[in-house]
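Visitor: I'm new to reading protein models. Could you walk me through this one?

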Amino acid sequence: MLELLRILIQIIQPFLVPICFVLAWGFLILIAWSIGAAMRDTVRRAKQMHQIPCTDCVFFTGDYHLKCPVQPKIALSEAAINCPDYSNRNLTSTL
């Protein structure tokens with residue numbers, strides 16, 4: 001049994017270095033791909049969260065108990081992106 005194992009190792013030995021080289025580079029490429037995908041998803045999520053208009057709304061209170069008296073369930077969430085009651089604070093203060 002040990003003799004068979006020794007012969008098998010001698011046969012495989014010339015191919016071990018190229019196989020390990022390819023596996024190591026493949027692993028590094030996989031890590032880089034995963035980091036790139038995570039960064040792309042983070043940027044996409046940040047862009048979506050910056051579309052929430054609540055902080056510029058007239059009805060936004062800033063109080064953590066009641067952020068918005070008009071739409072309290074959707075205040076500061078993704079559902080508030082197209083809020084029908086949104087009124088820009090900057091535009092109404094100049095009137």
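Visitor: Which residues make up the largest nonpolar core?

Guide: This is a predicted model, so local features need pLDDT of at least 70 and side-chain atom pairs count only at pLDDT 80 or more, while totals for chains, interfaces and linings use all residues. Residues are numbered from 1 along each chain as its sequence is written, and side-chain values use heavy atoms, with hydrogens and water left out. A nonpolar core is a set of buried Ala, Val, Leu, Ile, Met, Phe, Trp, Tyr and Cys residues joined through side-chain atoms within 4.5 Å, where buried means under 20% relative accessible area, exposed over 50% and partly exposed in between (1.4 Å probe, protein chains only). Here the largest one has six residues: Ile52, Cys54, Cys57, Phe60, Ile74 and Ala80.

Visitor: What does Ala80 touch?

Guide: Contact means heavy atoms within 4.5 Å. Leaving out residues up to four places away in sequence, Ala80 touches Ile52, Pro53, Cys54 and Ile74.

Visitor: How many disulfides are there?

Guide: A disulfide is a covalent bond between the sulfur atoms of two cysteines. The rule used here asks for a pair of cysteine sulfur atoms within 2.5 Å. By that rule, the count is zero.

Visitor: What is the nearest cysteine sulfur to that of Cys57, and how far away is it?

Guide: Cys57 is in no disulfide. Cys57 is also buried, at a relative accessible area of 7%. The nearest cysteine sulfur belongs to Cys68, 5.8 Å away.

Visitor: Is Cys68 buried or exposed?

Guide: Cys68 is in no disulfide either, with the sulfur of Cys57 as its nearest. Its relative accessibility is 11%, so Cys68 counts as buried.

Visitor: How is the protein divided into domains?

Guide: Domain bounds come from an automatic or database domain assignment. The C-alpha centres of the two domains lie 47 Å apart. The division gives domain 1 (1-51) and domain 2 (53-94).
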